[in-house]
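Work through these exercises with the model open. Try each task before reading its solution.

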Amino acid sequence: MYIKKLIATSLLITALLLPVFMQAQKNMITVSTNKIIADVQPTMWGIFFEDINLGADGGIYAEMVKNRSFEFYKPLMGWTVTQSKFDEGSVLVTNRHEQDAANPRFIRITKNNAADTLALTNEGFRGMGIKKGLRYDFTVLYRQETVGLKLHVQLISMEGKVIGSSVFTPSDVISKEWKNDGVSLTATDTTLKGKLTIWFEGSGKIGLDMISLFPEDTWKKRPGGMRADMIQLLADMKPGFIRFPGGCIVEGYDLGLRYQWKKTLGPIEQRQLIINRWNSEFAHRPTPDYFQTFGLGFYEYFQLAEDIGASPLPILNAGMACQFNSAEVVPLDELDPYVQDALDLIEFANGDSTTQWGKIRTAMGHAAPFNLKMMGVGNENWGPQYVERLQIFSKAIKARYPDFKLVNSSGTDPDGERFDFLNAALRKNNADIIDEHYYRRPEWFLANANRYDNYPRNASKIFAGEYAAQSDKTVSIDNKNNLQTAIAEAAFMTGLERNAAVVNLASYAPLFAHIDGWQWTPDLIWVNNLQSYGTPNYYVQKLYSTNKGTNVVPALMDGKAVTGQDSLYVSSVIDKNTGDVIIKVVNASVNAINKTIAITGTKKLSNTGTVTVLKSNLLQAVNSFAAPQMVSPVTATVAVKSGKLNAALPANSFSVYRIAIQ
Ligand code: AHR
């Protein structure tokens, strides 16, 4: 009797508790740390760099003088001449094209009367950011024609005050040779939009070229180097790769304006400037003073990749200009020089000093190879004209370097006829890596978290080469880097991570934008002349790349990947190097959600871990120069009990859990 009663009571309790238990199970996300689905490639999360939005000139390239060699189509653009008495020809733009085709123009200063005043002022790239106490190095190429002029070099604040000065006295040797020299000066104040003025004392005649000003505090203190604050933001991401130099800039408006890496090497005065294709691309964001000086060239890009521990990923022109612009193509029987450029680039990066191009790299200061393993042929090219050119490139490159990986373009969009045509053609040709681009609304990113779930595993790999959620629409000037776009990208990226078996590289685009000189928004990092800040989107990228892990493991709810159920998106990896499990959870709903996360498959689970959360009460929240950390991750500890943790997921948030399992 007693036994019967006991059984009946047990059954009743089970019946009552089962739904609760099942509900609890239903609510649970289970991460199985011992079931490896895929390896995460070291390259997985990288960065995309292009000289757009004053990304290079006026951006990471720390040169402060705009139009330093007078080669802009208006030779004195960026310069103003001030003189007490008008003197015809006192500043004469002179062209020596016959002797120096790469750097034809210079200016000749003639001052006949020592009592007159004559000055040149450079406005910089939307002004010059000058910092109190910092040293600035002024250099100039000059040629004395009549001795007698001294150059007073001055830093001028926004208010017009002299905040640094020095005198440069050219050598008193009259010569036909050009001489490079300069002086340094220290700023006595800080200004956001300063200027450089050179006023000429005495009388005489002198030729001037390559008038340059660099701050002392460049990245790694390299003279003529890069802006340290901007590069630090990249280094902090620990990116797996850096794609350069673009983007559409690779293609150029027409073939004459395509990016040619060989012209970006050697002495900077010999790097022939060209117009930047973003100069006039958007009528609503004209940038008439945007040129590529190539002071930042391919050698510097490789060096940057090495500095920040990223694999270099150069993208080369495929013999096609931008198909939105001229759509010019080089005839197939004239493609050789383009293919040769690709072969030579591999030699430049990897060859030893006995090779033609390895010798050039060595002479530039880098005897060790740059370890180039992959390259893109073409950016956003499409159609059969691309496929036939690509085949010629691929054949030649693979014949010489069979293990070298080639990235192929799948055009501008992740769907549609052009995409379908290319996707099929590239796969038929066994493309190593296919570059897919998506500039879409946040809803698209949420709906596509499962995009790669059914992509073939043993075929071409994917490079999510350019993506950014557009709060308005592509190329709209109203697009904002707000929390909503960042959350949508984070959700989509759970799908990239879960599918690391097929997705091997991914990068947000574009990378940088100057607040007074941009053409395209949204962008990952915004800068002015003194400051730079990461957007909420930057923090999403950084949270992924600094929590990359080594292997994907399942994170399932009700036995399924979490790709939007309850507005949640989840992926997880283990990191064999640190012995952690890392779980990324996006709550894309307007409500806070509580979930239990069970971590199975390990006996050595720590009873505490960390959770780093990116959130805000406002979906439209953005960062700014005034509040650069308004939306930025905050880390706290979490308790783990009996293999479970309680995930309190704030509304519109991205949380990264990290727990030791070894
Ligand atoms: O990222 C900005 C531009 O978008 C890139 O240059 C191009 O590849 C894409 O269309």
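**Exercise 1.** With the side chain of which residue does the side chain of glutamine 323 make a polar contact?

*Solution.* This is a predicted model: local features need pLDDT of at least 70, side-chain atom pairs count only at pLDDT 80 or more, and totals for chains, interfaces and linings use all residues. Residues are numbered from 1 along each chain as its sequence is written, and side-chain values use heavy atoms, with hydrogens and water left out.

- Locate glutamine 323 in the loop between strand 18 (311-316) and helix 4 (336-350).
- The partner is the side chain of asparagine 381, at 3.3 Å. A polar contact is a pair of N or O atoms within 3.5 Å; within protein, one must be able to donate a hydrogen and the other to accept it.
- The glutamine 323 side chain also reaches the backbone nitrogen of tryptophan 382, at 3.0 Å.
- Glutamine 323 is buried, at 13% relative accessibility (buried means under 20% relative accessible area, with a 1.4 Å probe and protein chains only).

**Exercise 2.** Classify the ring pair of tyrosine 439 and tryptophan 520: what is its geometry?

*Solution.*

- The whole structure holds 45 aromatic pairs. Rings of Phe, Tyr and Trp (its six-membered ring) pair if their centres lie within 6.5 Å; planes under 30 degrees apart are stacked, over 60 edge-to-face, the rest tilted.
- Here the centres are 5.2 Å apart and the planes at 65 degrees, so the pair is edge-to-face.
- Tyrosine 439 is in strand 21 (residues 433-440) and tryptophan 520 in the loop between strand 24 (512-514) and strand 25 (525-527), so the pair ties together parts 81 residues apart in sequence.
- Tyrosine 439 is buried at 9%; tryptophan 520 is buried at 11%.

Methods
Helices (H or I, at least four residues) and strands (E, at least two) are DSSP runs, numbered from the N terminus. Buried means under 20% relative accessible area, exposed over 50%, partly exposed in between (1.4 Å probe, protein chains only).
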